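Dear colleague,

Please find below the structure that I am handing over to you.

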Amino acid sequence: MIAYLGRRLIQSALILFGVSLITFALLYLLPADPVRQIAGRSATPQTVENIRQQLGLDQPFVVQYWHYLTKLISGDLGRSYIQRSEVTELIVSRLPASLLLMVGAILCELLIGLSMGLIAAVKRGTATDQTLMVASFVGVSAPQFVVGLLLLYVFAVRLSWFPIGGYGTWRHLVLPSLTMGILGAGWYARMMRSSMIDVLRQDYVRTARAKGLARSAIIFRHALPNAILPVIAMIGIDIGIFMGGIVVVESVFGWPGIGQLAWQAIQRVDIPIIMGVTLVSAFAIVLGNLLADIIAPFIDPRIKLR
Amino acid sequence: MKKFLASTVAASALALMLGMTSVRAEDAVDPNAKQGGAITITYKDDVATLDPAIGYDWQNWSMIKSLFDGLMDYEPGTTNLKPDLAESYEIAPDGKTFTFKLRHGVKFHNGREMTADDVKYSLDRVTNPKTQSPGAGFFGSIKGYDDVAAGKAEGLSGVTVVDPYTVKFELTRPDATFLHVMAINFAHVVPKEEVEKYGADFGRHPVGTGAFKLTEWTLGQRLVFERNPDYWHKGLPHLDKITFEIGQEPIVALLRLQKGEVDMLGDVIPPAKFQEVMADPEQKARVVEGGQLQTGYVTMNTTMAPFDNVKVRQAVNMAINKARVVQIINNRAVPANQPLPPSMPGYNKDYKGYPYDVAKAKALLAEAGHPDGFETQLFAMNTDPNPRIAQAIQQDLAVIGIKASIQSLAQANVIAAGGDKAGAPMIWSGGMAWIADFPDPSNFYGPILGCAGAVPGGWNWSWYCNKDLDAKAAEADSVVDPAKAGERDKMWSAIYDKVMEDAPWVPIFNEQRFTLKSARMGGADNLYVDPVHIPINYDNVYVKDVQ
């Protein structure tokens, strides 16, 4: 177990190093000059060169990357080109909002997805099953931008049940969580359905049924706990999909998280912020996967760590 | 009010003739304005920094003007210069020395009195390369600038503190735009002790002499400005509090305004909703329309064949149906025929421009040796409505045989292509179009049409460089005497007429600004489309529902 953990930690560190190198190289190769963005349209060539020097952007790639890396190891993500604030501070101030949205979204997708999958499996082959599966397919394929605006229009503008975007109370959290959750719910519904169908085919379920146990007892006491475990183990992997979604959803709902920060930084070639958010997201994804793998054997004894 | 202004102007003109001294009269304050109340304004993008030496965005431009002051400013809602922190100024007859007398008793938000030392410190700071100010180049005419910019000196030798209330500027050349430069945000006065206390984070902890103070800044969410009770300009500001909510998508912000949760959209009315808003009489009545010091244009790279032939460039000028382009953006602009926008001094009302004439365009192309047209590329920014505008231009060009393929790219990439001599044959400037830094005709020349801008990484994307015109521009800018402003404007008109003869650009349109406000907002319409305090003059607007 410890050897496994050590190996995985080294792997994770290597992945993060790779992500930082590739992202840095891509941003370096971008056919856009960040200094021109900082200097603005009225700057003289001298001003532009001065800024380039001050930021060390006149150095060769290797030197720039080395500077970045050495600072990164001491936990310094640098200063934003445009906002001129510490990137760490910008990210830390926005991280709670993104984490809150993540918790909300995971609750939504589990609640919706698992119940849909369960019902579909139990009613396998019926019209209900088919309707639910079509719905899950729509959930998976609907663009989040559209879903978000649609929910906003119906529930916030028309019905006034929730505020129109913003951040602060639990009521602000519902619609963005739902928007994020609908995508994941589709996946969970499909996984839950097949997992449940597998379990319902097992011998012990047949035995329970032969014993004359009530249908609800079979489903909820015997089948569900076994079917749900492998599905739950997917949450770690889910973080990757989640990180992709927050950029869009946070922008639509004016949610002050790191996705919105990234979106604004990308538009303005604010490289330190893009790097910082990418690394933090990569870290979250790597961590999520690692945790999922470590927890898996506890949930499902058939899995062994090697 | 009008009469009052006229008399002020006449008085200062007279004073100028006598000894070229201008003394300000107290500004009038709107007698209908009510004191108090709080408003909420939304913005899509984050506020980057409130450091006047650095901030250069749509969002923070007017915010900085409300937190800080400069020696000069403009009459609210207009482009008329007036002394601000300065009480009066004097221009030496050679146009190279400007002496400003400061008002007494002006206090920074930290309670300390502002003096001439602060003015000098602020200018030394903004020109110091370590500050990384995008506006450093505006101060190029001050003596000693080159040494400071090169890192050879710590301060500008041309700025002298005569006494605590007098500061003298010596220039290396007569500069007619210098009073405008003293009004630009980059020249606003900052207190040294606060800058040193916060260092690189001063932009997050701004302390100025302005009408409002920053009392809260929750990153990525909101900024709160509260009234500065010690503001030197008695009677201003009218509002007690302004809350800026940021990170709000314009469509969402519009919905909130319609529900009464928001008083003003800091960004433009979202294009998808524009017609809906304008079709509703109740909402339309709350829309304020105003001109902008902006021109959208197509550049043609004059160093690249076939655009090195003036006839080809003139043909393109005649081939584009500007009225149709304006329709694409819901008539939120007026067709343009010259580089300067109509509200800019020096705009030539009598200039007719190139007519939309396909037959003539074809004939010119044939004369230039391209009877069957040619293939080229048109670069444009990839955000709506720019690709649609580029397509309209593409279709117009196809009619005279020019097959332009559209390169729709992110803003930074288009800027990079334009700054590369072999990068882009044609560029539609939308989304990056030139908005004046200050209301002076020279502002549309140097960086975008002059030789100085035709350098790698520059903004003169047509790479047009006419040395003769550069000399004429320098001559016009040496006419410093405000009494000769009319003459100087004429000189500039002639320069732009000549530019149009050489046709490095196709001026397409001048955008109009439409601001939507809530029913409770009061104050003259021009405050909501202020040409300088962009987008809104926060100091002078008020709410009608306070007691």
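**Findings in chain B**

The crossing of helices α16(B) and α17(B) is left-handed. Please note that the model is predicted.

Helix α16 of chain B covers residues 467-477, and helix α17 of chain B covers residues 485-502. The two pack at an angle of about 165°, and their axes lie 9 Å apart. Because of that angle, α16(B) is roughly antiparallel to α17(B). On the α16(B) side, the contact is made by Leu469(B), Lys472(B), Ala473(B), Glu475(B), Ala476(B) and Asp477(B). These meet Arg488(B), Met491(B), Trp492(B), Ile495(B), Lys498(B) and Val499(B) in α17(B). Seven of the residues in this contact are nonpolar, five are charged and none is polar.

Two individual residues may also be of interest to you.

Thr127(B) belongs to helix α3 of chain B, residues 116-127. With a relative accessible area of 2%, Thr127(B) counts as buried, because the cut-off is under 20%. The side chain of Thr127(B) reaches the backbone oxygen of Leu123(B) at 2.7 Å. Neighbours within four places in sequence aside, Thr127(B) is in contact with Ala136(B), Phe139(B), Tyr145(B), Val148(B), Ala149(B) and Leu156(B).

Ile329(B) is located in the loop between α11 (322-328) and β15 (333-335) of chain B. Ile329(B) is buried, at a relative accessible area of 11%. Not counting residues up to four places away in sequence, Ile329(B) touches Pro385(B), Ile389(B) and Phe509(B). From Asp201(B), Ile329(B) is 128 residues away in sequence and 40 Å away in space, C-alpha to C-alpha.

With kind regards

Terms used:
Residues numbered from 1 in each chain as written. Chains lettered and ligands numbered in written order. Predicted model: local features only at pLDDT ≥ 70, side-chain atom pairs only at ≥ 80, totals over all residues. Heavy atoms only, no water. Axes fitted to C-alpha atoms, helices over the stretch in contact; angles between N-to-C directions. Helix = DSSP H or I, 4+ residues; strand = E, 2+ residues; numbered from the N terminus. Parallel < 35°, antiparallel > 145°, perpendicular 65-115°, else oblique. Left-handed = near helix turned anticlockwise from the far one by under 90°. Contact = heavy atoms within 4.5 Å. Nonpolar A, V, L, I, M, F, W, Y, C, P; charged D, E, K, R; others polar. Buried < 20%, exposed > 50% of the residue type's maximum accessible area, 1.4 Å probe, protein only. Polar contact = N/O pair within 3.5 Å; in protein donor to acceptor, adjacent residues only side chain to side chain.
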